[in-house]
Amino acid sequence: MSILTGKRILLGITGSIAAYKGADLASKLTQAGALVDTILSPGAEKFISPLTFQSVTGRKAFTDAELWGGEAHVLHIGLGHSADLLIIAPGTANTLAKLANGQADTLLTITALATECPILIAPAMDGGMYAHPATQRNLRTLAERGVSFVGPVTGHLASGLIGVGRMADPHEIAGMAKVVLGRSLGRLHGKQIVITAGGSQEPIDPVRVITNHSSGKQGYALAQAALELGAEVTLISHPTALSAPVGAQLVMVNTVAEMLAAVLSTVEQADALIMAAAVADFRVKKVAENKLKKQDGIPQIELEAAPDILATVARHRSSLTRLKAVVGFAAESRDLLENAQAKLFSKKLDFIAANDISAQDAGFAVETNRITLLFADGKREILPLLTKNEVADIILARLAAILE
Ligand code: CTP
(Lines give C-alpha, C1' and ligand atoms only; values in the text may rest on other atoms or scores of the structure.)
Protein backbone atom coordinates (compact mmCIF):
# COMPACT_ATOMS: atom_id res chain seq x y z
CA MET A 1 0.00 0.00 0.00
CA SER A 2 1.22 3.51 -0.76
CA ILE A 3 -0.14 6.81 0.46
CA LEU A 4 -2.00 7.03 -2.87
CA THR A 5 -4.18 4.00 -2.05
CA GLY A 6 -7.80 5.09 -1.70
CA LYS A 7 -6.98 8.79 -2.11
CA ARG A 8 -9.16 10.98 -4.29
CA ILE A 9 -6.98 12.73 -6.82
CA LEU A 10 -8.29 15.40 -9.16
CA LEU A 11 -6.16 15.45 -12.28
CA GLY A 12 -6.35 18.66 -14.31
CA ILE A 13 -5.16 18.43 -17.92
CA THR A 14 -4.54 21.67 -19.82
CA GLY A 15 -3.74 22.54 -23.43
CA SER A 16 -0.22 21.34 -24.10
CA ILE A 17 1.18 18.57 -26.24
CA ALA A 18 2.34 17.04 -22.93
CA ALA A 19 -1.38 16.24 -22.33
CA TYR A 20 -0.74 12.75 -23.73
CA LYS A 21 1.70 12.13 -20.86
CA GLY A 22 -1.14 13.08 -18.50
CA ALA A 23 -2.80 9.80 -19.54
CA ASP A 24 0.30 7.88 -18.41
CA LEU A 25 0.20 9.79 -15.12
CA ALA A 26 -3.51 8.97 -14.69
CA SER A 27 -2.69 5.32 -15.27
CA LYS A 28 0.21 5.32 -12.77
CA LEU A 29 -1.93 6.99 -10.08
CA THR A 30 -4.80 4.55 -10.69
CA GLN A 31 -2.46 1.53 -10.54
CA ALA A 32 -1.18 2.85 -7.20
CA GLY A 33 -4.76 2.64 -5.90
CA ALA A 34 -5.85 6.29 -6.21
CA LEU A 35 -9.35 7.26 -7.36
CA VAL A 36 -8.58 9.65 -10.20
CA ASP A 37 -11.16 12.13 -11.50
CA THR A 38 -9.91 13.98 -14.56
CA ILE A 39 -10.89 17.49 -15.63
CA LEU A 40 -9.88 18.54 -19.13
CA SER A 41 -9.63 22.21 -20.06
CA PRO A 42 -11.02 23.19 -23.48
CA GLY A 43 -7.40 23.43 -24.71
CA ALA A 44 -6.62 19.94 -23.44
CA GLU A 45 -9.55 18.52 -25.40
CA LYS A 46 -7.86 19.64 -28.63
CA PHE A 47 -4.94 17.33 -27.79
CA ILE A 48 -6.59 14.34 -26.10
CA SER A 49 -10.06 13.00 -25.49
CA PRO A 50 -11.87 12.44 -22.17
CA LEU A 51 -12.38 8.82 -23.26
CA THR A 52 -8.62 8.21 -22.94
CA PHE A 53 -8.75 9.17 -19.26
CA GLN A 54 -12.00 7.32 -18.59
CA SER A 55 -10.39 4.23 -20.08
CA VAL A 56 -7.31 4.31 -17.83
CA THR A 57 -8.99 5.54 -14.62
CA GLY A 58 -12.30 3.70 -14.89
CA ARG A 59 -13.94 6.94 -13.77
CA LYS A 60 -15.67 9.81 -15.49
CA ALA A 61 -13.49 12.49 -17.08
CA PHE A 62 -15.06 15.95 -16.91
CA THR A 63 -14.98 18.72 -19.51
CA ASP A 64 -16.46 22.20 -19.79
CA ALA A 65 -19.51 20.61 -21.40
CA GLU A 66 -20.52 19.77 -17.81
CA LEU A 67 -19.90 23.33 -16.63
CA TRP A 68 -23.28 24.54 -17.84
CA GLY A 69 -25.17 21.26 -17.42
CA GLY A 70 -27.81 20.44 -14.80
CA GLU A 71 -25.21 19.22 -12.29
CA ALA A 72 -22.94 22.23 -12.81
CA HIS A 73 -23.29 23.84 -9.41
CA VAL A 74 -22.76 20.61 -7.49
CA LEU A 75 -19.90 19.70 -9.74
CA HIS A 76 -17.57 22.66 -9.43
CA ILE A 77 -17.82 22.77 -5.65
CA GLY A 78 -18.20 19.01 -5.13
CA LEU A 79 -15.20 17.88 -7.15
CA GLY A 80 -12.84 20.16 -5.28
CA HIS A 81 -14.27 19.50 -1.83
CA SER A 82 -13.99 15.74 -1.88
CA ALA A 83 -10.40 15.69 -3.21
CA ASP A 84 -7.23 14.90 -1.28
CA LEU A 85 -4.99 16.45 -3.94
CA LEU A 86 -5.37 18.45 -7.15
CA ILE A 87 -2.63 17.75 -9.70
CA ILE A 88 -2.46 19.91 -12.82
CA ALA A 89 -0.22 18.18 -15.34
CA PRO A 90 0.50 19.59 -17.80
CA GLY A 91 0.03 23.11 -16.46
CA THR A 92 0.34 25.69 -19.25
CA ALA A 93 1.58 29.27 -18.88
CA ASN A 94 -2.01 30.40 -19.45
CA THR A 95 -3.33 28.17 -16.63
CA LEU A 96 -0.62 29.42 -14.26
CA ALA A 97 -1.59 33.01 -15.12
CA LYS A 98 -5.27 32.31 -14.46
CA LEU A 99 -4.60 30.55 -11.15
CA ALA A 100 -2.21 33.27 -9.97
CA ASN A 101 -4.96 35.82 -10.58
CA GLY A 102 -7.82 33.78 -9.19
CA GLN A 103 -9.53 33.65 -12.56
CA ALA A 104 -12.22 30.98 -12.79
CA ASP A 105 -13.58 30.63 -16.32
CA THR A 106 -13.35 26.85 -16.85
CA LEU A 107 -14.38 23.83 -14.77
CA LEU A 108 -10.71 23.26 -13.89
CA THR A 109 -9.92 26.83 -12.81
CA ILE A 110 -13.22 27.06 -10.88
CA THR A 111 -12.36 23.81 -9.10
CA ALA A 112 -8.82 25.03 -8.34
CA LEU A 113 -10.27 28.18 -6.79
CA ALA A 114 -12.94 26.33 -4.81
CA THR A 115 -10.83 23.52 -3.43
CA GLU A 116 -9.02 23.57 -0.10
CA CYS A 117 -6.88 20.52 -0.87
CA PRO A 118 -3.15 20.83 -1.71
CA ILE A 119 -2.30 21.63 -5.32
CA LEU A 120 0.62 20.22 -7.31
CA ILE A 121 1.42 21.64 -10.74
CA ALA A 122 3.74 20.20 -13.41
CA PRO A 123 4.34 23.17 -15.72
CA ALA A 124 4.84 22.51 -19.43
CA MET A 125 5.55 25.21 -21.97
CA ASP A 126 8.08 26.63 -24.39
CA GLY A 127 11.36 27.79 -22.83
CA GLY A 128 10.73 31.45 -23.67
CA MET A 129 7.26 31.38 -22.10
CA TYR A 130 8.67 29.73 -18.97
CA ALA A 131 11.49 32.27 -18.64
CA HIS A 132 9.13 35.25 -19.22
CA PRO A 133 8.96 37.54 -16.17
CA ALA A 134 5.15 37.27 -16.14
CA THR A 135 5.28 33.47 -15.87
CA GLN A 136 8.04 33.61 -13.27
CA ARG A 137 5.98 36.07 -11.22
CA ASN A 138 2.93 33.81 -11.47
CA LEU A 139 5.00 30.83 -10.30
CA ARG A 140 6.27 32.82 -7.30
CA THR A 141 2.74 34.01 -6.44
CA LEU A 142 1.40 30.46 -6.51
CA ALA A 143 4.38 29.08 -4.53
CA GLU A 144 3.83 31.75 -1.86
CA ARG A 145 0.23 30.53 -1.60
CA GLY A 146 1.45 27.01 -0.91
CA VAL A 147 1.13 25.48 -4.37
CA SER A 148 3.81 22.80 -5.02
CA PHE A 149 5.62 22.34 -8.32
CA VAL A 150 7.43 19.52 -10.02
CA GLY A 151 9.64 20.46 -12.98
CA PRO A 152 9.71 21.70 -15.65
CA VAL A 153 12.85 19.95 -16.81
CA THR A 154 15.38 20.66 -19.54
CA GLY A 155 14.88 18.77 -22.77
CA HIS A 156 13.54 18.73 -26.28
CA LEU A 157 10.60 21.15 -26.56
CA ALA A 158 7.71 21.10 -29.06
CA SER A 159 9.26 24.18 -30.70
CA GLY A 160 12.20 22.00 -31.72
CA LEU A 161 14.52 23.81 -29.33
CA ILE A 162 16.25 22.38 -26.28
CA GLY A 163 15.43 24.29 -23.12
CA VAL A 164 13.66 24.38 -19.75
CA GLY A 165 9.94 23.87 -20.14
CA ARG A 166 9.44 20.15 -20.67
CA MET A 167 6.91 18.58 -18.30
CA ALA A 168 8.45 16.39 -15.58
CA ASP A 169 8.24 12.66 -16.19
CA PRO A 170 4.94 11.07 -14.97
CA HIS A 171 6.99 8.90 -12.57
CA GLU A 172 8.42 12.10 -11.01
CA ILE A 173 4.96 13.70 -10.80
CA ALA A 174 3.46 10.62 -9.12
CA GLY A 175 6.42 10.61 -6.69
CA MET A 176 5.90 14.29 -5.88
CA ALA A 177 2.17 13.59 -5.39
CA LYS A 178 3.12 11.17 -2.58
CA VAL A 179 5.41 13.80 -1.02
CA VAL A 180 2.73 16.53 -1.13
CA LEU A 181 0.09 14.16 0.29
CA GLY A 182 2.58 13.11 3.00
CA ARG A 183 3.16 16.73 3.96
CA SER A 184 -0.56 17.41 4.25
CA LEU A 185 -1.56 14.20 6.06
CA GLY A 186 1.60 12.66 7.53
CA ARG A 187 2.70 12.18 11.15
CA LEU A 188 6.28 13.19 10.35
CA HIS A 189 5.48 16.54 8.75
CA GLY A 190 8.24 19.03 9.63
CA LYS A 191 10.67 16.32 10.75
CA GLN A 192 14.11 15.87 9.21
CA ILE A 193 15.20 12.25 8.90
CA VAL A 194 18.60 10.96 7.79
CA ILE A 195 18.56 7.42 6.40
CA THR A 196 21.57 5.40 5.23
CA ALA A 197 21.22 2.62 2.68
CA GLY A 198 23.21 0.05 0.76
CA GLY A 199 26.64 -1.31 1.57
CA SER A 200 30.04 0.32 1.31
CA GLN A 201 33.05 0.04 -0.94
CA GLU A 202 36.51 0.00 0.58
CA PRO A 203 39.25 0.30 -2.05
CA ILE A 204 42.14 -2.17 -2.29
CA ASP A 205 43.75 -0.48 -5.29
CA PRO A 206 42.42 1.82 -8.08
CA VAL A 207 40.30 -0.99 -9.57
CA ARG A 208 39.35 -3.31 -6.70
CA VAL A 209 37.08 -2.88 -3.70
CA ILE A 210 35.87 -4.84 -0.69
CA THR A 211 32.08 -4.68 -0.59
CA ASN A 212 29.04 -6.74 0.48
CA HIS A 213 25.71 -8.04 -0.82
CA SER A 214 23.50 -5.20 0.47
CA SER A 215 21.03 -4.11 -2.23
CA GLY A 216 19.85 -0.94 -0.49
CA LYS A 217 16.21 -2.09 -0.81
CA GLN A 218 15.35 -1.78 2.90
CA GLY A 219 16.96 1.67 3.19
CA TYR A 220 15.21 2.97 0.07
CA ALA A 221 11.88 1.58 1.31
CA LEU A 222 12.44 3.42 4.61
CA ALA A 223 13.14 6.66 2.72
CA GLN A 224 9.94 6.29 0.66
CA ALA A 225 7.87 5.52 3.78
CA ALA A 226 9.33 8.55 5.60
CA LEU A 227 8.49 10.82 2.65
CA GLU A 228 4.93 9.50 2.62
CA LEU A 229 4.62 10.45 6.28
CA GLY A 230 5.64 13.99 5.38
CA ALA A 231 9.28 13.97 6.52
CA GLU A 232 12.14 15.78 4.80
CA VAL A 233 14.48 12.93 3.95
CA THR A 234 18.23 12.85 3.37
CA LEU A 235 19.16 9.49 1.89
CA ILE A 236 22.86 8.69 2.21
CA SER A 237 23.52 5.80 -0.11
CA HIS A 238 26.21 3.64 -1.53
CA PRO A 239 25.65 3.22 -5.34
CA THR A 240 22.78 0.77 -5.94
CA ALA A 241 20.66 -0.32 -8.88
CA LEU A 242 17.63 1.44 -7.34
CA SER A 243 16.24 4.81 -8.36
CA ALA A 244 16.08 7.29 -5.51
CA PRO A 245 12.63 8.06 -4.07
CA VAL A 246 11.29 11.27 -5.60
CA GLY A 247 11.64 14.11 -3.09
CA ALA A 248 14.53 12.63 -1.09
CA GLN A 249 17.80 14.50 -0.96
CA LEU A 250 20.30 11.92 -2.20
CA VAL A 251 23.91 11.93 -1.02
CA MET A 252 26.06 9.33 -2.77
CA VAL A 253 29.03 7.85 -0.91
CA ASN A 254 31.40 4.94 -1.41
CA THR A 255 33.52 4.36 1.68
CA VAL A 256 32.67 4.20 5.39
CA ALA A 257 34.70 7.39 5.90
CA GLU A 258 32.53 9.18 3.30
CA MET A 259 29.34 7.84 4.88
CA LEU A 260 30.53 8.91 8.34
CA ALA A 261 31.30 12.44 7.06
CA ALA A 262 27.87 12.65 5.34
CA VAL A 263 26.05 11.43 8.48
CA LEU A 264 27.92 13.82 10.79
CA SER A 265 27.25 16.81 8.53
CA THR A 266 23.49 16.12 8.24
CA VAL A 267 22.60 14.64 11.62
CA GLU A 268 23.00 17.99 13.43
CA GLN A 269 19.82 19.22 11.71
CA ALA A 270 18.02 15.88 11.98
CA ASP A 271 15.25 14.70 14.30
CA ALA A 272 16.10 11.06 13.62
CA LEU A 273 18.79 8.86 12.12
CA ILE A 274 18.08 5.41 10.70
CA MET A 275 21.24 3.43 9.93
CA ALA A 276 20.01 0.77 7.52
CA ALA A 277 23.29 0.60 5.60
CA ALA A 278 25.43 -2.51 5.89
CA VAL A 279 28.66 -0.66 6.53
CA ALA A 280 32.13 -2.23 6.44
CA ASP A 281 33.75 -3.06 9.75
CA PHE A 282 37.21 -3.44 8.22
CA ARG A 283 39.08 -1.56 5.53
CA VAL A 284 42.43 -1.84 3.81
CA LYS A 285 45.13 -0.22 5.90
CA LYS A 286 47.25 0.97 2.98
CA VAL A 287 45.38 1.34 -0.32
CA ALA A 288 47.72 0.64 -3.26
CA GLU A 289 48.29 3.69 -5.44
CA ASN A 290 48.62 1.59 -8.57
CA LYS A 291 46.84 -1.56 -9.69
CA LEU A 292 48.22 -4.65 -7.98
CA LYS A 293 49.84 -6.84 -10.65
CA LYS A 294 49.83 -10.64 -10.89
CA GLN A 295 53.55 -10.80 -11.57
CA ASP A 296 54.21 -9.19 -8.17
CA GLY A 297 52.75 -12.26 -6.43
CA ILE A 298 49.71 -12.72 -4.20
CA PRO A 299 49.23 -9.49 -2.23
CA GLN A 300 49.20 -9.58 1.55
CA ILE A 301 46.39 -7.16 2.38
CA GLU A 302 46.39 -5.81 5.91
CA LEU A 303 43.05 -4.63 7.26
CA GLU A 304 42.24 -2.12 9.97
CA ALA A 305 39.01 -1.27 11.80
CA ALA A 306 36.72 1.11 9.90
CA PRO A 307 35.02 3.81 11.97
CA ASP A 308 31.73 2.72 13.55
CA ILE A 309 29.23 5.39 12.47
CA LEU A 310 26.57 4.68 15.10
CA ALA A 311 29.19 4.51 17.87
CA THR A 312 30.55 7.89 16.70
CA VAL A 313 27.05 9.42 16.72
CA ALA A 314 26.49 7.95 20.20
CA ARG A 315 29.65 9.73 21.43
CA HIS A 316 28.39 13.08 20.01
CA ARG A 317 24.78 12.53 21.14
CA SER A 318 24.84 15.12 23.97
CA SER A 319 25.73 17.93 21.51
CA LEU A 320 23.12 16.80 18.94
CA THR A 321 20.24 18.60 20.60
CA ARG A 322 17.71 18.15 17.79
CA LEU A 323 18.32 14.41 17.41
CA LYS A 324 15.51 12.61 19.24
CA ALA A 325 15.82 9.08 17.91
CA VAL A 326 18.48 6.76 16.49
CA VAL A 327 17.52 3.46 14.91
CA GLY A 328 19.95 0.70 13.94
CA PHE A 329 19.82 -2.63 12.17
CA ALA A 330 21.50 -5.82 13.25
CA ALA A 331 22.26 -8.28 10.49
CA GLU A 332 22.94 -11.58 12.23
CA SER A 333 23.38 -15.15 11.13
CA ARG A 334 23.37 -16.58 14.71
CA ASP A 335 22.35 -15.56 18.26
CA LEU A 336 20.08 -12.93 16.68
CA LEU A 337 18.44 -11.44 19.75
CA GLU A 338 21.49 -11.56 22.07
CA ASN A 339 23.67 -9.82 19.49
CA ALA A 340 20.99 -7.29 18.62
CA GLN A 341 20.42 -6.51 22.32
CA ALA A 342 24.17 -5.91 22.78
CA LYS A 343 24.24 -3.52 19.78
CA LEU A 344 21.09 -1.68 21.03
CA PHE A 345 22.90 -1.02 24.28
CA SER A 346 26.46 -0.33 23.05
CA LYS A 347 25.33 1.99 20.22
CA LYS A 348 22.81 3.80 22.50
CA LEU A 349 19.90 3.22 20.13
CA ASP A 350 16.22 3.92 20.69
CA PHE A 351 15.44 0.71 18.91
CA ILE A 352 17.08 -1.84 16.65
CA ALA A 353 15.68 -4.00 13.86
CA ALA A 354 17.19 -7.47 14.27
CA ASN A 355 17.33 -9.23 10.93
CA ASP A 356 18.00 -12.96 10.64
CA ILE A 357 20.10 -13.12 7.47
CA SER A 358 20.50 -16.89 7.70
CA ALA A 359 16.85 -17.31 6.60
CA GLN A 360 16.30 -17.84 2.85
CA ASP A 361 13.46 -15.32 2.75
CA ALA A 362 15.19 -12.51 4.67
CA GLY A 363 18.22 -10.27 4.38
CA PHE A 364 20.21 -9.06 1.40
CA ALA A 365 18.76 -8.81 -2.11
CA VAL A 366 15.40 -10.53 -1.40
CA GLU A 367 12.10 -8.64 -1.21
CA THR A 368 11.19 -9.74 2.32
CA ASN A 369 12.60 -9.52 5.84
CA ARG A 370 11.98 -11.27 9.16
CA ILE A 371 12.49 -8.63 11.79
CA THR A 372 12.25 -8.39 15.55
CA LEU A 373 12.27 -4.87 16.96
CA LEU A 374 14.08 -4.43 20.28
CA PHE A 375 13.42 -1.18 22.13
CA ALA A 376 15.61 0.64 24.67
CA ASP A 377 12.91 0.20 27.35
CA GLY A 378 13.10 -3.59 27.02
CA LYS A 379 9.97 -4.08 24.87
CA ARG A 380 10.20 -6.46 21.95
CA GLU A 381 8.02 -6.80 18.85
CA ILE A 382 8.30 -9.89 16.65
CA LEU A 383 7.18 -9.11 13.11
CA PRO A 384 6.01 -11.82 10.71
CA LEU A 385 7.61 -12.31 7.28
CA LEU A 386 6.94 -8.97 5.59
CA THR A 387 7.96 -7.14 2.44
CA LYS A 388 10.65 -4.53 2.94
CA ASN A 389 8.00 -1.84 2.28
CA GLU A 390 5.83 -3.24 5.08
CA VAL A 391 8.82 -3.41 7.42
CA ALA A 392 9.58 0.23 6.54
CA ASP A 393 6.01 1.32 7.36
CA ILE A 394 6.18 -0.34 10.80
CA ILE A 395 9.63 1.08 11.63
CA LEU A 396 8.48 4.57 10.62
CA ALA A 397 5.29 4.23 12.69
CA ARG A 398 7.36 3.29 15.78
CA LEU A 399 9.76 6.16 15.05
CA ALA A 400 6.87 8.62 14.66
CA ALA A 401 5.54 7.52 18.08
CA ILE A 402 8.92 8.41 19.63
CA LEU A 403 9.13 11.77 17.86
CA GLU A 404 5.56 12.84 18.65
N1 CTP B 1 27.20 0.28 11.66
C2 CTP B 1 27.84 1.50 11.71
N3 CTP B 1 29.16 1.60 11.37
C4 CTP B 1 29.86 0.49 11.03
C5 CTP B 1 29.22 -0.78 11.01
C6 CTP B 1 27.88 -0.84 11.33
O7 CTP B 1 27.19 2.49 12.04
N8 CTP B 1 31.13 0.61 10.69
C9 CTP B 1 25.76 0.22 11.99
C10 CTP B 1 24.90 -0.44 10.94
O11 CTP B 1 24.41 0.49 10.01
C12 CTP B 1 23.78 -1.05 11.76
C13 CTP B 1 24.43 -1.33 13.10
O14 CTP B 1 25.63 -0.55 13.15
O15 CTP B 1 22.72 -0.14 11.99
C16 CTP B 1 24.80 -2.78 13.30
O17 CTP B 1 25.55 -3.22 12.18
P18 CTP B 1 26.05 -4.72 12.10
O19 CTP B 1 26.88 -4.87 10.87
O20 CTP B 1 24.91 -5.64 12.34
O21 CTP B 1 26.94 -4.81 13.41
P22 CTP B 1 28.39 -4.36 13.77
O23 CTP B 1 28.30 -3.30 14.82
O24 CTP B 1 29.12 -3.96 12.53
O25 CTP B 1 28.99 -5.67 14.43
P26 CTP B 1 29.24 -7.13 13.74
O27 CTP B 1 29.46 -6.88 12.27
O28 CTP B 1 30.46 -7.59 14.43
O29 CTP B 1 28.05 -7.96 14.02
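This is a predicted model: local features need pLDDT of at least 70, side-chain atom pairs count only at pLDDT 80 or more; totals for chains, interfaces and linings use all residues.

Residues are numbered from 1 along each chain as its sequence is written, and side-chain values use heavy atoms, with hydrogens and water left out.

Strand β4 (residues 85-91) is largely enclosed by the rest of the structure, because 7 of its 7 residues are buried; buried means under 20% relative accessible area with a 1.4 Å probe, protein chains only. Strands are DSSP runs of E with at least two residues, and helices are runs of H or I with at least four, numbered from the N terminus. On one side of β4, Leu 85, Ile 87, Ala 89 and Gly 91 are buried, and on the other Leu 86, Ile 88 and Pro 90 are buried.

| Strands | Bridges | A bridge partner pair |
|---|---|---|
| β1 (residues 8-13) and β4 | 4 bridges | Leu 11 and Ile 87 |
| β4 and β5 (residues 119-123) | 4 bridges | Ile 87 and Leu 120 |
| β14 (residues 272-275) and β17 (residues 325-332) | 4 bridges | Met 275 and Gly 328 |

Elsewhere, 8 strands form an open sheet of mixed pairing, in the order β13-β12-β9-β14-β17-β18-β20-β21. Its edge strands, β13 (249-252) and β21 (380-382), each pair on one side only.

Notes: Buried means under 20% relative accessible area, exposed over 50%, partly exposed in between (1.4 Å probe, protein chains only). Two strands pair if DSSP finds at least two bridges between them.
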